[in-house]
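Take a single protein chain and read it from its overall make-up down to individual residues.

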Amino acid sequence: MALSPRARQAVFVKSAPTPATFPPEGAPEIAFAGRSNVGKSSLINALTGFDGLARTSRTPGRTQLLNWFRVVPPSGPELAFVDLPGYGFAKVARDLRAAWQPLVEKFVTDRAVLKLVVVILDIRRGAEQEEEDLLEWLDSIDKPAQIVLTKADKVPKSKRFPAVAAARRELRLDRDPICFSAETGEGAAELWRAIASSV
Ligand code: GTP
Ligand code: MG
């Protein structure tokens with residue numbers, strides 16, 4: 001990971017369980033969304049280069065709150081990263097799942113400082129109905145999205161191109177998604193560039 005760009009600073013700000021507890025709007029925000037256990041928190045840690053910044057877990061569905069981080073990127077002014085709770089995990093209690101959607105919807109819809117939603121997919125699993133729905137909805141409210149295929153270290157290089165092409169086709173993207181690995185740092189430079197051009 002030696003060549004991966006890293007954040008100059010990254011600190012946890014707060015967790016918010018309800019819209020009333022969201023921090024006041026300040027720096028431009030980048031949100032990270034995806035299925036439970038897909039690797040959202042690991043991606044935030046690997047991208048910033050600050051291990052343990054976002055809590056990761058082998059148990060899916062652990063992050064049930066919105067978590068804010070103040071991040072000073074490799075270049076340019078300060079940002080806020082927002083780690084969103086994962087969706088689509090059946091073992092999370094029904095009432096928690098019912099709470100997820102209004103909370104995330106409210107955040108994405110109302111937050112004027114939200115510049116980009118990074119939608120994270122497992123490269124081995126690809127896009128499913130949830131991702132199609134999420135992207136369609138983001139598009140309908142004019143919120144830019146960047147698709148990332150993570151856990152790229154889990155597939156041989158020969159399988160990257162077919163995975164990228166399939167995601168691009170299934171999600172009707174006009175650009176290739178970014179392949180990323182929290183293990184190797186692959187894709188970090190490309191994702192920082194996408195973030196920089198969104199703000
Ligand atoms: P929730 O917050 O529970 O929705 O999960 P999450 O999406 O934040 O996933 P998290 O970052 O906690 O990672 C889940 C598991 O996947 C952990 O065991 C990570 O070590 C593993 N993981 C995440 N990213 C990668 C990756 O790029 N490569 C590999 N090999 N494992 C990864
Ligand atoms: Mg998480």
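This is a predicted model: local features need pLDDT of at least 70, side-chain atom pairs count only at pLDDT 80 or more; totals for chains, interfaces and linings use all residues.

Residues are numbered from 1 along each chain as its sequence is written, chains are lettered from A and ligands numbered from 1 in the order in which they are written, and side-chain values use heavy atoms, with hydrogens and water left out.

Start with the inventory. The chain has five helices and seven strands. Here helices are DSSP runs of H or I with at least four residues, strands are runs of E with at least two, and both are numbered from the N terminus. Their order from the N terminus is β-β-α-β-β-α-β-α-β-α-β-α. The chain holds 199 residues, and 47% of them count as buried. Buried means under 20% relative accessible area, exposed means over 50%, and partly exposed is in between (1.4 Å probe, protein chains only). Now the contacts, meaning heavy atoms within 4.5 Å. Among those between residues at least 6 apart in sequence, 74% join residues at least 24 apart.

Two strands pair if DSSP finds at least two bridges between them. Strands of a sheet pair through backbone hydrogen bonds, either parallel or antiparallel.

Both senses can be found here. Strand 2 (residues 29-34) runs parallel to strand 5 (residues 114-122), with six bridges. Strand 2 is also parallel to strand 4, through four bridges. Phenylalanine 32 shows both pairings: it stands opposite valine 118 in strand 5 and opposite aspartate 83 in strand 4. Strand 3 (residues 66-72) and strand 4 are antiparallel and share five bridges. There, phenylalanine 69 stands opposite phenylalanine 81. Six residues lie between these two strands in their hairpin, where glycine 76 takes a positive phi near 95°.

How much of strand 4 (residues 79-83) is buried? Five of its five residues are. Leu79, Phe81 and Asp83 point one way, while Ala80 and Val82 point the other way.

Next, helix 3 (residues 129-140). Its 12 residues should span 16 Å at 1.5 Å a residue, and its end C-alpha atoms are 16 Å apart, which agrees. The expected span is 1.5 Å times one less than the number of residues. Glu131, Leu134, Leu135 and Leu138 are its buried residues. Seen down the axis, they fall within an arc of 95°, so they line one face of helix 3. The arc is that of the directions from the helix axis to the C-beta atoms. An α-helix has 3.6 residues a turn, so residues three or four places apart point the same way. Glu136 and Ser140 are exposed on the other side of helix 3. Aspartate 142 follows the helix, with a positive phi near 60°.

Helix 4 (residues 160-170) can be read likewise. Its buried residues are Arg160, Ala163, Val164, Ala166 and Ala167. They fall within an arc of 165° seen down the axis, so they line one face of helix 4. Against what do they pack? They pack against strand 6 and strand 7. On the other side of helix 4, Phe161 and Arg169 are exposed. Arginine 172 comes after helix 4 and has a positive phi near 50°.

Finally, two residues. Alanine 145 is found in strand 6. Alanine 145 is partly exposed, at a relative accessible area of 24%. Its contacts, leaving aside neighbours within four places in sequence, are Leu116, Val117, Val119, Leu135, Leu138 and Arg175. Alanine 145 and leucine 135 are 10 residues apart in sequence and 7.3 Å apart in space, C-alpha to C-alpha. Glutamate 105 lies in helix 2 (residues 94-110). Glutamate 105 counts as partly exposed, at 35% relative accessibility. Glutamate 105 and leucine 138 are 33 residues apart in sequence, and 10.0 Å separates their C-alpha atoms.
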